[in-house]
Amino acid sequence: MSIINPTSKSRPRAARIALIPALALGLIGGPVAVAGPATASTSERGCTVDPLKPIKLDHKDRDKVRVDFRIYVDCNGNKTVQIRQLRFEDDRGRNDDFLGRSTFRESFDRRDDSVTIHSYDRVPNLDRRGSEEVYQLVSFRVRSGNSDNWSDWTRWEKSDVAKIHSR
């Protein structure tokens, strides 16, 4: 009885060389998670929208804390941006309290330009602990020139959470 080893064809040299970077990058053998720098801004068709960290406004009545949920918008050229905003009070581990919603429309001429939208809301002391954590979610779409062709809505982007003290 004799044992015969099957003849094995070796891979072409180019295929072996191409396999090395694929293995090194983890493209073969499983998914790869790539983390970039944390940022809340999103760009679409030459416009960038950034939901900024909310800030407290001074108010004489401590039971009526007012917060500015600011949105920074930067566009190049002749664009119109429609923005949806949702405002929340953060409840760790529970359902967040919905504070309100707004929509905005900003138009830009042929120059590159930017604007900060100010969206004010009253934040009640829902937790009775002296401070509230608030944030916003923002989504937008863009239209170039005077066309009726809008981009799709972007995914919702979350601002940094701000701790708002009632005193």
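The model is predicted, so to speak, with rules attached: local features need pLDDT of at least 70, side-chain atom pairs count only at pLDDT 80 or more, and totals for chains, interfaces and linings use all residues. Residues are numbered from 1 along each chain as its sequence is written, and side-chain values use heavy atoms, with hydrogens and water left out.

Reading along the sequence, the pattern is α-β-β-β-β-β-β-β-β-β-β-β-β. Of the 167 residues, 35% are buried; buried means under 20% relative accessible area, exposed over 50%, and partly exposed in between (1.4 Å probe, protein chains only). Among contacts (heavy atoms within 4.5 Å) with a separation of 6 or more, 66% are between residues 24 or more positions apart.

Now for the rings. A pair of aromatic rings is described by the distance of the centres and the angle of the planes. Rings of Phe, Tyr and Trp (its six-membered ring) pair if their centres lie within 6.5 Å; planes under 30 degrees apart count as stacked, over 60 as edge-to-face and the rest as tilted. There are two such aromatic pairs in the structure. Phe88 and Phe98 have ring centres 5.6 Å apart and planes at 65°, so this pair is edge-to-face. Because Phe88 lies in strand E6 (residues 79-89) and Phe98 in strand E7 (residues 97-108), the pair ties together parts that are ten residues apart in sequence. Phe88 is buried, at 14% relative accessible area, while Phe98 is partly exposed at 44%. With centres 5.4 Å apart and planes at 20°, the rings of Phe88 and Tyr135 are stacked. That pair links distant parts of the chain, since Tyr135 sits in strand E10 (residues 131-144), 47 residues from Phe88 in strand E6. Both Phe88 and Tyr135 are buried. Put together, ring pairs join Phe88, Phe98 and Tyr135 into a cluster.

Charges turn up over rings too, which here asks for NZ of Lys or CZ of Arg within 6 Å of the ring centre and within 35 degrees of the ring normal. Arg84 lies over the face of Trp153, 3.9 Å from the ring centre. Arg141 has its charged end over the ring of Trp150, 4.6 Å from the centre.

Thr42 belongs to strand E1 (residues 42-44) and, at 14% relative accessibility, counts as buried. Its side chain makes a polar contact with the side chain of Glu157 (2.9 Å). A polar contact is a pair of N or O atoms within 3.5 Å; within protein, one must be able to donate a hydrogen and the other to accept it, and residues adjacent in sequence count only if both atoms are side-chain atoms. Beyond neighbours within four places in sequence, Thr42 touches residues including Cys47, Phe140 and Thr154.

Last come the strands, which pair if DSSP finds at least two bridges between them. Strands E3, E4 and E9 form an open sheet in the order E3-E4-E9, with antiparallel pairing. Its edge strands, E3 (55-57) and E9 (120-123), each pair on one side only. Strand E4 (residues 65-68) pairs with E9 over four bridges, and Arg66 has Arg122 as its bridge partner in E9. Four bridges also join the antiparallel strands E10 and E12, with Ser131 opposite His165 in E12. In a regular strand the side chains alternate between the two faces of the sheet. Strand E12 (residues 162-165) has Ala162 and Ile164 on its covered face, and Lys163 and His165 on the uncovered one.

Note on methods: Helices (H or I, at least four residues) and strands (E, at least two) are DSSP runs, numbered from the N terminus.
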